[in-house]
Structures are given as structure tokens and as C-alpha cells.
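Here's a quick tour for anyone meeting this structure for the first time. Take a look, then read on.

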Amino acid sequence: MSVADRLNSIKETIPASVTLVAVSKTHPVETLLQAYHAGQRHFGENKVQELTSKVPLMPKDAVWHMIGHLQSNKVKYIAPFINLIHGVDSFKLLQVINKEALKNNRIIDCLLQVHIAAETTKFGFLEEEIISMFKNEACPQLKNIRICGLMGMATFTNNQEQVQQEFRGLKGLFDRIKAVYFNDDESFKILSMGMSDDYLIAIEEGSTLVRVGSAIFGAREYY
Ligand SMILES: *Cc1c(COP(=O)(O)O)cnc(C)c1O
């Protein structure tokens, strides 16, 4: 199957209200263009260098998502153009993004990454860390970032029930945070959860944005 065929068959399974981000890491720009010409606009990358090398080679209306772990010292390279940063996992990183956004005269949309998996290796905030960040007086002063929602990655397992429980937990946290801290804030509306193997479960559990790579582009040769 071609990239366009795979993309179209995935789109048929996704409600129009859910954003599909095509995770194009490791794939060459020619492959991204196949998806683009099939109508895909949202692309996700997890490495700053790869992202910044692809952006100038792609049409201007592509929408770019930084989905990987982001180091503070690399924020400056993506601040001029990035559309959404999914993996914000510390207040320090949020402050750096705010500073770089200000330099570029932009407001940068961010998602807070939440640790929902059983593995210890996945990055992300714990619930209590998010709450204490919001209570920090310095947080509301960050005028050049917009916290648009949460992102999470389920455990890498065949146990669908476990994955479902983890997504359900993240949706519950999303709703609580929305109710307490963003009740009048329409921009807090994105719940980024679901990848190639679990995006249908994620959508059932309330995902508004899925990050799908290998199911569109095929297997990656390296991670
Ligand atoms: C690679 C990656 C994806 C996509 O993974 P697939 O299993 O290929 O769909 C989604 N989210 C993040 C954060 C990733 O790093």
C-alpha cells in the first residue's frame, strides 16, 4: 500500500473532530510530501535537528508538532515556527519556551506531558507536580506560552485493558485540570494520546489528537 492509501484508510477510522498528526520521524521529505499531497498537513517530529532540516523543504502550510523530549538549550531553534510542543515536562522548560517565544514575538502553544505509563523511562509530570506548578506564582506570568492541554504515552504492552485504563486516567486528569484551572479558557482543549497501535482505544477514551507514525509511513529503521 502507498502512503496515501494508508493515510486514507486511517482517516476513515478517525472522527473529523480528532486531529491526525502524521509522525514522520526518520522518513525522508519525499515520503512526507506523499502524505502532504494526499491532504495531510499536521506533521510530528521528535528530534529538533531533523525537524529544522525538514521544515524549509516542505510547503509553507504544513503544521509542525514537536512530539519528543525537548531539551531547554534547543528550544531556540524551533521557537520561530513551531505550532505545538507536546512534551513539556518541567516548569523550567516552560520558562525557556516563554522566553524564546517572546524573542520571536510569538505565543507558543504547549501541552504538558503526563507520566501515565508503568515504565519508568517515559518522561512527564505527575499530577501533583502539575498542580504545584499551577500554584506557583510565576506560572501565570508566562505570557508567551499557551497551555493547550495534555499529552501522554501509554505503556508499551499488548494488554489493551491496561492501555485503556491509562488513557482513561489521563482523560480524567484532563477534565479535572480543565475544570479547576482553565474553565474559562477555550484554548485548553487538546488531549494528545494514541499512536499507531492504540489510537482507536485512545479516541474511545477521549483523545482529540492522535500521533500516528508507522501505520502511515511503514516501519522505521531506527527509532
Ligand atoms: C514515534 C512516536 C509516535 C508514533 O509512533 P508509531 O507507533 O509509529 O505510531 C507517537 N508519539 C511519540 C511521542 C513518538 O515518539
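At roughly what angle do the axes of helix H6 and helix H7 cross? They cross at roughly 15° and come within 12 Å, with H6 covering residues 127-135 and H7 residues 160-181. Keep in mind that this is a predicted model, where local features need pLDDT of at least 70, side-chain atom pairs need 80 or more, and totals for chains, interfaces and linings use all residues. Residues are numbered from 1 along each chain as its sequence is written, and side-chain values use heavy atoms, leaving out hydrogens and water.

**The helix pair**
- H6 and H7 are therefore roughly parallel to each other (angles under 35 degrees count as that).
- H6 passes H7 in a right-handed crossing, meaning the near helix is turned clockwise from the far one by less than a right angle.

**Around the ligand**
- The ligand is surrounded by 13 residues (a heavy atom within 4 Å), and the closest are Lys25, Ser196, Gly213, Ser214 and Arg220.
- By class, that shell has 7 nonpolar, 3 polar and 3 charged residues, with Gly counted as polar.

**Polar contacts (N or O pairs within 3.5 Å)**
- Lysine 25 puts a polar side-chain atom 2.7 Å from a ligand oxygen atom.
- For arginine 220, a side-chain N or O atom is 2.8 Å from an oxygen atom of the ligand.

Notes. Polar contact = N/O pair within 3.5 Å; in protein donor to acceptor, adjacent residues only side chain to side chain. Axes fitted to C-alpha atoms, helices over the stretch in contact; angles between N-to-C directions. Helix = DSSP H or I, 4+ residues; strand = E, 2+ residues; numbered from the N terminus. Parallel < 35°, antiparallel > 145°, perpendicular 65-115°, else oblique.
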